[in-house]
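Dear colleague,

I am handing over the structure below, together with an account of what was found in it. Please look through the sequence and the model before reading on.

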Amino acid sequence: MEDRPASRSTDPAPACENDSVNESTPESGHAPVMLGPVLTSLAVHPGQTAMDCTAGRGGHAEAIANRVGESGRLILCDLDPENLEYAAQRARKGSSCEILT
């Protein structure tokens with residue numbers, strides 16, 4: 001006969017401090033991770049074309065759009081069409097660069 005673990009608890013897992021949205025979370029519900037190092041690595045300049053292949057909620061896209069400026073172009077990709085549209089709107093809010101989805 002196989003040993004089976006004692007009955008499992010049905011109590012929910014304890015909450016982690018990161019489980020809740022805090023006051024510093026932007027309206028988008030997502031704060032871009034490692035934004036500074038990503039922008040430094042990409043070294044995007046005005047007039048360039050940049051591509052964000054995981055646009056998500058647009059945190060990086062918004063910052064990149066600001067960097068390429070009105071003479072630049074930003075190409076956005078995401079599997080989720082709703083997130084893609086949200087990211088495009090967010091990127092357009094702060095920049096007049098051409099946004100392609």
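The largest nonpolar core has 17 residues, and those with the most contacts inside it are Ile64, Leu74, Leu76 and Ile99. Such a core is a set of buried Ala, Val, Leu, Ile, Met, Phe, Trp, Tyr and Cys residues joined through side-chain atoms within 4.5 Å, where buried means under 20% relative accessible area, exposed means over 50%, and partly exposed lies in between (1.4 Å probe, protein chains only). The elements that give two or more residues to this core are H2, E2 and H3, and H2 gives the most, with five residues. In soluble globular proteins, nonpolar side chains tend to be buried together.

Please keep in mind that this is a predicted model, in which local features need pLDDT of at least 70 and side-chain atom pairs count only at pLDDT 80 or more, while totals for chains, interfaces and linings use all residues. Residues are numbered from 1 along each chain as its sequence is written, and side-chain values use heavy atoms, with hydrogens and water left out.

As for the overall layout, the chain holds three helices and three strands, which run α-β-α-β-α-β from the N terminus on; helices (H or I, at least four residues) and strands (E, at least two) are DSSP runs, numbered from the N terminus. Of the 101 residues in the chain, 27% are buried. Among the contacts with a separation of 6 or more, 62% are accounted for by residues 24 or more positions apart, a contact being heavy atoms within 4.5 Å.

The strands form an open sheet of three with the order E1-E2-E3 and parallel pairing, two strands being paired if DSSP finds at least two bridges between them. The edge strands are E1 (49-52) and E3 (98-100), each of which pairs on one side only. From one strand to the next, the twist averages 20 degrees. Four bridges join E1 to E2, and threonine 49 stands opposite arginine 73 in E2. On the other pairing, E2 (residues 73-76) and E3 are joined in the parallel sense over three bridges, with isoleucine 75 opposite leucine 100 in E3.

Two helices pack on this sheet. Helix H2 (residues 59-68) touches E1, E2 and E3, and its direction makes about 160 degrees with that of E2, whereas helix H3 (residues 81-94) touches E2 and E3 and makes about 165 degrees with the direction of E2. For these angles, axes are lines fitted to C-alpha atoms, for helices over the stretch in contact, and the angles run from 0 to 180 degrees between N-to-C directions.

In H2 the buried residues are Gly59, Ala61, Ala63, Ile64, Ala65 and Val68, and what covers them includes helix H1 (35-42), E1, E2, H3 and E3. Isoleucine 64, leaving aside its neighbours within four places in sequence, is in contact with Leu39, Leu42, Val44, Ala50 and Leu74. After H2 comes glycine 69, whose phi is positive, near 70 degrees.

In the loop between E1 and H2 lies alanine 55, which counts as buried because its relative accessibility is 5%. Beyond its neighbours within four places in sequence, alanine 55 is in contact with Leu76, Cys77, Asp78, Leu84 and Ala87; its C-alpha atom is separated by 6.3 Å from that of leucine 84, 29 residues apart along the chain. Valine 38, in helix H1, counts as partly exposed because its relative accessibility is 27%, and, not counting residues up to four places away in sequence, valine 38 touches Val33 and His60.

Lastly, how many disulfides does the structure hold? There are zero, a disulfide being a pair of cysteine sulfur atoms within 2.5 Å. The sulfur of cysteine 77 has its closest cysteine sulfur in cysteine 53, at 4.9 Å, which is too far for a bond. Cysteine 77 is partly exposed, with a relative accessible area of 27%, whereas cysteine 97 is buried, with a relative accessible area of 6%.

With best regards
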